[in-house]
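I opened a structure that was new to me and kept notes as I went. Here they are, in the order in which I looked things up.

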Amino acid sequence: MRVTVRLFARLRDLVGTGELQRDAPGGATVGAVWAGLVAEYPELSPYEKSISCAVNADYSRFTAAVADGDEVAFLPPVSGG
Amino acid sequence: MVSLTAITTTMLDTGALVRALDTTGIGAVTTFIGLVRDHNLGRRVLHLEYEAYEALAVKGLDRIVSESLEQWPSVRIAIHHRIGRMEIGDASVAIAAASPHRGEAFAASRYAIERIKQIVPIWKHEYFEGGDVWIEGATADPDNTEARAQALKIACA
């Protein structure tokens, strides 16, 4: 299956794009998508402890399963206001 | 009709936000406006660029409105956050809260800005004299009850 990965702020800068398509095995979790991304871009790895994630624009957890066509977003600590 | 919550690239209009609130039975309206400050952590700030995950950020603002209603059932609240490039003195966030008595309006307004900083996916990119940096605050987790309790404590202090 294929998912759309969205990255924001410093994560987007580190990878050089805010949106990419990645293949994931059936039954993969958000955490597996992140692990695949870190394998590709090791500079993301320090963020593992501080990021949040979302699936289809709703907050999610690393343990949640993703489905074909899902939009999986990784969010560094927020700083609005 | 102005919506009660919005992420926008245009200048914020606090008056429009107040007019968007139903003021039936209301005795007090507070407004809070967050501005781009000319200094941060000893740095001279030149300008800011705000970025958002818009679809989730609007849901975050809606959630804060619901949480406020849960806490203060008589309060009506509207929240708009601007994104994109902003200069010193520009308004980045505006909150209007209306209630029968002033205490709840002040409290709900303070609660809303504290929660924005905790759970709404918006990021500041600070351009200062000598460089630029992404500002990173709280790890967003709307279900973190400790964070929510902390925001409530600050609001009711």
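**Two helices in chain B**

I began with helix α2 (residues 54–71) of chain B and helix α3 (residues 102–119) of chain B, whose axes come within 10 Å and cross at roughly 145°. Axes here are lines fitted to C-alpha atoms, for helices over the stretch in contact, and angles run from 0 to 180 degrees between N-to-C directions. Helices (H or I, at least four residues) and strands (E, at least two) are DSSP runs, numbered from the N terminus.

Before going on, I noted that this is a predicted model, where local features need pLDDT of at least 70, side-chain atom pairs count only at pLDDT 80 or more, and totals for chains, interfaces and linings use all residues. Residues are numbered from 1 along each chain as its sequence is written, chains are lettered from A and ligands numbered from 1 in the order in which they are written, and side-chain values use heavy atoms, with hydrogens and water left out.

Which residues make the contact between α2(B) and α3(B)? From α2(B) I listed B:Gly60, B:Leu61, B:Arg63, B:Ile64, B:Glu67 and B:Ser68, and from α3(B) B:Ala108, B:Tyr111, B:Ala112, B:Arg115, B:Ile116 and B:Ile119; contact means heavy atoms within 4.5 Å.

I also checked burial (buried is under 20% relative accessible area, exposed over 50%, partly exposed in between, with a 1.4 Å probe and protein chains only). The buried residues of α2(B) include B:Leu56, B:Gly60, B:Leu61 and B:Ile64.

**Aromatic pairs**

Next I looked at rings of Phe, Tyr and Trp (its six-membered ring), which pair if their centres lie within 6.5 Å; planes under 30 degrees apart count as stacked, over 60 as edge-to-face and the rest as tilted. I found six aromatic pairs over all chains.

A:Phe8 and B:Trp123 are stacked, at 5.3 Å centre to centre with 15° between the planes. A:Phe8 lies in the loop between β1 (2–7) and α1 (9–15) of chain A and B:Trp123 in strand β8 (residues 122–128) of chain B, so this pair joins two chains. A:Phe8 counts as buried at 3% relative accessibility, and B:Trp123 counts as buried at 0%.

For A:Phe62 and A:Phe74, the ring centres are 6.1 Å apart and the planes at 65°, so I wrote this pair down as edge-to-face. A:Phe62 counts as partly exposed at 27% relative accessibility, while A:Phe74 is buried at 0%.

My last entry is a cluster: A:Phe8, B:Tyr53 and B:Trp123 form one aromatic cluster.
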